[in-house]
Amino acid sequence: MRIIKLDAIDSTNTYLKKLSVAGNAEDGLAVVAKFQTNGRGQMGTVWSSQEAKNLTFSVFKDVSFVEVSQHFYISMAVSLAVHEALNSLGLTDVKVKWPNDILSDNKKIAGILIENVIKLNVISGSVIGIGLNVNQTDFNDLPSASSLLLLSGHVHNLEEVLNTVLKQIEIHFNYLQNRQFKLLKSKYESHLFRKNKPSTFKNAEGSLFAGYIVGVSDIGQLLVRVEDNIIKSFDFKEVTLMY
Ligand code: BTN
């Protein structure tokens, strides 16, 4: 698999999207940068990462076999790939906070930004951006962030971590290509942060309510059991888990 290594770029996602639009991205192509000047997070947020301490990279996957209605399975496959990679690097207690934040010891260690290219109702390609905190130790303005070094107690080799994640991405996209949807969903749900635990949520109007996460729907909504045993489903913008 080809890996393009850059010293600095605005955003590896933006760079790889341009390559794919120009027809220059093959399945599995990865772009990794030591530093991003305009790292992007979910919902228009900024992703900051200290230079050469962490992994900021994007991978192009041909997902033409995935229907638009199944797009959340791409997200599940990527979350599980990062989860398994961190497990194999020795981290325990790794959880997936819906939809695709990766936590360990209740702190965020990796974020995922997936940008799909949709043509004629099929997702032709997916640009999968991953920011994984590896050897950074100070997160002054982000008290709920952590890194592999802080959690494992030792420095990690960035290339080794990158190869571990890329290998897991291939494994989990094979599940996807082989239409092992049930397997992906049950694995994803088994690692869901605060599943079956009493939790507090904030809705889009800002009101708090109590409930239990019970799983996710096929289209990626969060399923929450609220009072009177009613199961409610929420889209990404409709609910925030308070923790
Ligand atoms: C999030 O949790 O908000 C998602 C963060 C995703 C960050 C990665 S870093 C590599 C890739 N390039 C970007 O600009 N963003 C993603």
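The buried residues of α1 are Thr-12, Asn-13, Thr-14, Leu-16, Leu-19 and Ser-20, where buried means under 20% relative accessible area, exposed over 50% and partly exposed in between (1.4 Å probe, protein chains only). Helices (H or I, at least four residues) and strands (E, at least two) are DSSP runs, numbered from the N terminus. The cover over those buried α1 residues includes β1, β2, β3, β6 and β7 (122-132), with contact taken as heavy atoms within 4.5 Å.

A word on the model: it is a predicted one, so local features need pLDDT of at least 70 and side-chain atom pairs count only at pLDDT 80 or more, while totals for chains, interfaces and linings use all residues. Residues are numbered from 1 along each chain as its sequence is written, and side-chain values use heavy atoms, with hydrogens and water left out.

Now for the two ends of the helix. At the start of α1, a side-chain oxygen of Ser-11 comes to within 3.2 Å of the backbone nitrogen of Asn-13. That makes a polar contact: a pair of N or O atoms within 3.5 Å, where, within protein, one must be able to donate a hydrogen and the other to accept it, and residues adjacent in sequence count only if both atoms are side-chain atoms. Just after α1, Gly-23 has a positive phi of about 80°.

## The crossover from β1 to β2

Strands β1 (residues 3-9) and β2 (residues 30-36) run parallel and are joined by six bridges; two strands pair if DSSP finds at least two bridges between them. The chain gets from β1 to β2 through helix α1 (residues 12-21), and this β-α-β crossover is right-handed. In other words, with the strands pointing away from the viewer, the path from the first strand over the helix to the second runs clockwise. As for individual bridges, Ala-8 has Phe-35 of β2 as its partner.

## Glu-115 in β6

Glu-115 sits in strand β6 (residues 107-119) and counts as buried because its relative accessibility is 15%.

## Around the ligand

The ligand has 21 residues around it, and the closest are Ser-11, Gln-36, Arg-40, Gln-42 and Lys-108; a residue is near a molecule or strand if one of its heavy atoms lies within 4 Å of it. A ligand nitrogen is 3.2 Å from an N or O atom in the side chain of Thr-12. Ligand oxygen comes 2.7 Å from a polar backbone atom of Gln-42, and a polar side-chain atom of Lys-108 lies 2.7 Å from an oxygen atom of the ligand. Taken alone the ligand exposes 410 Å², and the protein buries 98% of that (Shrake-Rupley method with a 1.4 Å probe; for residues, only the protein chains shown count as cover).

The peptide bond from Trp-98 to Pro-99 is cis, with omega near 0°. Pro-99 belongs to the loop between β4 (94-97) and β5 (101-104).

Met-43, in the loop between β2 and β3 (55-62), has a positive phi near 55° despite not being glycine. Met-43 is exposed because its relative accessible area is 51%. Asn-229, likewise not a glycine, has phi near 60° and lies in the loop between β10 (222-225) and β11 (231-234). With 57% relative accessibility, Asn-229 counts as exposed.
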